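This report describes one protein chain, from its overall make-up down to single residues. Please look through the sequence and the structure before reading on.

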Amino acid sequence: MVSATAKVSRWHVASRVFAATIPAFVLANTTGIFLALVSPAAQFPAIAFSLVSSFAIYTAIIMWIFSVKRLRTVWLGLLGGIAFTSGGAWLAYVLGGGA
């Protein structure tokens, strides 16, 4: 028989693994898009810099996901970060930073 603590631990691990895949990837990519749009460099260097930095950002996000104690902090941080970076990228694009 599985104890209640083991069930909670399995749920937490599964939730963190899922958070480290799709939501963390979305946050890293929206951050890269935001960086590309607000960078004062020319188009190609800005895109290259944001692409390379998004890999480091993705790695840092994954390490953060598994180091935070509270699962609620993980999900609120991911969803808040996605909302902030995608909103900032949209605003930068609308105000003339894109294409």
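The pLDDT is the predictor's confidence in each residue, on a scale from 0 to 100. Its mean over the protein chain is 89, and 89% of the residues reach 70 or more. This is a predicted model, in which local features need a pLDDT of at least 70 and side-chain atom pairs count only at 80 or more, while totals for chains, interfaces and linings use all residues. Residues are numbered from 1 along each chain as its sequence is written, and side-chain values use heavy atoms, with hydrogens and water left out. Where pLDDT is low, the predicted coordinates should not be read in detail.

**Overall make-up**

The protein chain contains 3 helices and 0 strands, which gives the pattern α-α-α when read along the sequence. Helices (H or I, at least four residues) and strands (E, at least two) are DSSP runs, numbered from the N terminus.

Of the 99 residues in the protein chain, 29% are buried. Buried means under 20% relative accessible area, exposed means over 50%, and partly exposed lies in between (1.4 Å probe, protein chains only). Contact means heavy atoms within 4.5 Å.

Is Ser15 buried or exposed? Ser15, in helix α1, counts as buried because its relative accessibility is 5%. Apart from neighbours within four places in sequence, Ser15 is in contact with Leu71 and Trp75.

Aromatic rings can also pair. Rings of Phe, Tyr and Trp (its six-membered ring) pair if their centres lie within 6.5 Å; planes under 30 degrees apart count as stacked, over 60 as edge-to-face and the rest as tilted. By this rule there are 2 aromatic pairs, listed here.

| Pair | Type | Centre to centre | Angle between planes |
|---|---|---|---|
| Phe18 and Trp75 | stacked | 6.0 Å | 25 degrees |
| Phe25 and Tyr58 | edge-to-face | 5.9 Å | 85 degrees |

Phe18 lies in helix α1 and Trp75 in helix α3, so their pair ties together parts that are 57 residues apart in sequence. Phe18 is partly exposed, at 43% relative accessible area, and Trp75 is partly exposed at 21%.

Phe25 lies in helix α1 and Tyr58 in helix α2 (residues 43–67), so this pair ties together parts that are 33 residues apart in sequence. Phe25 has a relative accessible area of 46% and is partly exposed. Tyr58 also counts as partly exposed, at 24% relative accessibility.

**The loop and the surface**

Ser39 is in the loop between α1 and α2 and is partly exposed, with a relative accessible area of 24%. Its C-alpha atom is separated by 9.1 Å from that of Phe49, a residue 10 places away along the chain.

The protein chain exposes about 6,600 Å², of which carbon and sulfur atoms supply 76%. Accessible areas come from the Shrake-Rupley method with a 1.4 Å probe; for residues, only the protein chains shown count as cover.

Which residues make the nonpolar surface patch of about 590 Å²? They are Trp90, Leu91, Tyr93, Val94 and Leu95. Like charges are joined within 9 Å, and nonpolar side chains (Val, Leu, Ile, Met, Phe, Trp, Tyr) within 5 Å. Tyr93 sits in helix α3 (residues 71–97) and is partly exposed, with a relative accessible area of 48%.

Terms used
Patches are made of residues with over 30% relative accessible area and no salt bridge: like charges are joined within 9 Å, nonpolar side chains (Val, Leu, Ile, Met, Phe, Trp, Tyr) within 5 Å. A salt bridge is a side-chain nitrogen of Lys or Arg within 4 Å of a carboxyl oxygen of Asp or Glu.
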